[in-house]
Amino acid sequence: MLKASDSKVMSILMLYLFFPCVIIYSFQVDFTEQVKQGLLLGTGAAVIIHALFLFICKLLEKFLGMNPVEKCSVIYTNSGNLMIPLVTAVLGPEWVIYTSSFLMVQLVLFWTHLKSEMAGEPQMEWKAVITNFNMIAIMIGFVLLLTGIRLPAQVNDAIGSLGSMVGATAMIIAGMLLGEIDFKKLTTFKGLPLVVAFRLIIVPLISLALLKYSGMDGFVENGDMILLITLMACSTPSATTVVSMASLFGEDGEYASAINVATSILCIFTMPVIVALYQW
């Protein structure tokens, strides 16, 4: 009964209302030493992981001849859309605060490296980074966290209620989009299997080895859980932002969309395996 075109309104609600609410709500905690150290660990891990991703990007271009759409689909993940719903549903809303570390680093790279790759020019759009709704919500959350300001109970409850809608809404939108996919068309893209293998298997396994055996989990209490959130972000499908920018700057948007669809479907099977290996 619902078409892919009907998802636009729900997507707007997700981006401009539900995501900011769940982010701000997650920062309504005491700024303890544990939270401080956890955020530092998450940010440090995110920076190291993305530095690794950028290195992998160079290797993919040099040795496999991947084009910008393929490279960026491998290294940039859909963590912005999936991590908040996943962490909220699987680990609990109290862990959402640690997703902000990965999101901040990736948002900066979206409007610097990713845009540069797609546009073929080194122009950096810092204004787009700062004015992104998720980034604004993270900055508001940090101000509330550092100052110890608590929102009135009625406001906090309202924000919490809206934030709790993020998981179910994300799955409904995904179903609406996947419902109209022509799966036969996916077979026409010859480079698709290799890109999918790198995005869902090879890159997550490299990230797994780095996070699991670096010893970083011992820096803070519950460090293994914080690094698990980072690993989950590394294991999500290719970023929908790659599709948008590919279409905007004249790259193969249809190919980018096919990669996004294929990785979104197959991550149902690969993500649990990656998480199980981490916990093994």
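Met216 touches Leu41, Ala45, Ile48, Leu211 and Leu227, leaving aside residues up to four places away in sequence. Contact here means heavy atoms within 4.5 Å. Before going on, a word on the source: this is a predicted model, where local features need pLDDT of at least 70, side-chain atom pairs count only at pLDDT 80 or more, and totals for chains, interfaces and linings use all residues. Residues are numbered from 1 along each chain as its sequence is written, and side-chain values use heavy atoms, with hydrogens and water left out.

Back to Met216. Its place is the loop between α11 and α12. Is Met216 buried or exposed? Met216 is buried, at a relative accessible area of 9%. The classes are as follows: buried is under 20% relative accessible area, exposed is over 50%, and partly exposed is in between, with a 1.4 Å probe and protein chains only. For a distance, take Pro93: Met216 and Pro93 are 123 residues apart in sequence, and their C-alpha atoms are 23 Å apart in space.

Asn222 is in the loop between α11 (192–213) and α12 (223–234). Its phi is near 60°, a positive value in a residue other than glycine. Asn222 counts as partly exposed, with 32% relative accessibility. Gln154 itself sits in helix α8, residues 153–163, and is exposed at a relative accessible area of 63%.

Now the helices as a set. How many helices and strands does the protein chain have? There are 14 helices and zero strands. Read along the sequence, the pattern is α-α-α-α-α-α-α-α-α-α-α-α-α-α. Helices (H or I, at least four residues) and strands (E, at least two) are DSSP runs, numbered from the N terminus.

Gln37 is in helix α2, residues 33–64, and at 28% relative accessibility is partly exposed. Gln37 and Glu221 are 184 residues apart in sequence, yet 8.5 Å apart in space, C-alpha to C-alpha. Ile202 lies in helix α11 and is partly exposed, at a relative accessible area of 31%. Between the C-alpha atoms of Ile202 and Thr77, which are 125 residues apart along the chain, the separation is 14 Å.

Next, the cysteines. A disulfide is a covalent bond between the sulfur atoms of two cysteines. The rule used is a pair of cysteine sulfur atoms within 2.5 Å. How many disulfides does this rule give? The count is zero. Cys57 is in no disulfide, and the nearest cysteine sulfur, that of Cys72, is 5.6 Å away. Likewise Cys72 is in no disulfide, with the sulfur of Cys57 as its nearest, 5.6 Å away. Cys57 counts as buried because its relative accessibility is 2%. Cys72 counts as buried as well, at 0%.

Last, the whole chain. A compact globule of 280 residues would have a radius of gyration near 19 Å; the protein chain has 18 Å, which agrees. That radius is taken over C-alpha atoms, and the globule rule is 2.2 Å times the number of residues to the power 0.38. Along its principal axes the C-alpha trace spans about 55 × 45 × 40 Å. Of the 280 residues, 49% count as buried. Among contacts with a separation of 6 or more, 83% are between residues 24 or more positions apart.

The accessible surface is about 13,300 Å², and carbon and sulfur atoms hold 68% of that. Areas come from the Shrake-Rupley method with a 1.4 Å probe; for residues, only the protein chains shown count as cover. As for charge, there are 14 positive and 18 negative side chains, and the centres of the two sets lie 6 Å apart. Lys and Arg count as positive and Asp and Glu as negative, while His and the chain ends are not counted. Each charge is placed at NZ of Lys, CZ of Arg, CG of Asp or CD of Glu.
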